[in-house]
Amino acid sequence: MTNHLEQIMRQAVVRSITHVESGGLPFVGVIVDGQQVISEFGVNRVQETGDPSAHAEITAIRDALTSSGRTDLRGTTLLATGEPCGMCYRHAVNVRIADIRVAVDRDQVAELGFDYRYSYPAFDITDSLRNTLMRPLRVSGDTEPFIRFLALHNIRN
């Protein structure tokens, strides 16, 4: 199963790079149910839509719920190129996702210019809850979308 998830995470990283190169942010989320991808590779669409909740993970969750006709996502896994912010964790918890795999964790993401660790308390995401939900799933090149974003926007880290 982990090998299958690694393949999907590698695809998510490639999608993230593509999104960055088209002007977007370096976050992608995707929902997997067993061996099947049940959502789009959701990208952060906040800039494109003006919707402050259109984060990559929430975009993927919305798509999975709509396309599957389900009312919750119990038994599924959320893959995220960057660890979810507090809002995205809360959304995942609310739809009963209990397995979140991340390529780049919140501390690494902060080092790469995206520090949203302050958002966890606002959404009641404790370290204990985070530790029960999240597991790392590193893949080759997983920091590349963030590095490219910084380079494209001339941001020094």
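Predicted model: local features only at pLDDT ≥ 70, side-chain atom pairs only at ≥ 80, totals over all residues.

**Stop one: the cysteines.** Select Cys85 and Cys88. The sulfur of Cys85 has its closest cysteine sulfur in Cys88, at 3.7 Å, which is too far for a bond. Cys85 counts as buried at 10% relative accessibility, and Cys88 does too, at 1%. Buried here means under 20% relative accessible area, with exposed over 50% and partly exposed in between (1.4 Å probe, protein chains only).

**Stop two: Ser39.** Go to the loop between strand E2 (36-37) and strand E3 (42-43), and you'll find Ser39 there. Helices (H or I, at least four residues) and strands (E, at least two) are DSSP runs, numbered from the N terminus. Ser39 is buried, at 9% relative accessibility. Draw a distance from its side chain to the backbone nitrogen of Ile31: 2.9 Å. Setting aside neighbours within four places in sequence, Ser39 is in contact (heavy atoms within 4.5 Å) with residues including Val30, Ala60 and Asp63.

**Stop three: helix H8.** Select residues 144-152 and colour Pro145, Phe146, Phe149 and Leu150, which are buried. Now look down the axis of H8: its buried residues fall within an arc of 135 degrees (taken from the directions from the helix axis to the C-beta atoms), so they line one face of the helix. Following H8 is Asn154, with a positive phi near 50 degrees.

**Stop four: the rings.** Rings of Phe, Tyr and Trp (its six-membered ring) pair if their centres lie within 6.5 Å; planes under 30 degrees apart are stacked, over 60 edge-to-face, and the rest tilted. The count comes to six aromatic pairs. Take Phe27 and Phe146: centres 5.3 Å apart and planes at 80 degrees, so edge-to-face. This pair links distant parts of the chain, 119 residues apart. To see one aromatic cluster, select Phe27, Phe114, Tyr116, Phe146 and Phe149 together.

Conventions: Residues numbered from 1 in each chain as written. Heavy atoms only, no water. Disulfide = S-S within 2.5 Å. Polar contact = N/O pair within 3.5 Å; in protein donor to acceptor, adjacent residues only side chain to side chain.
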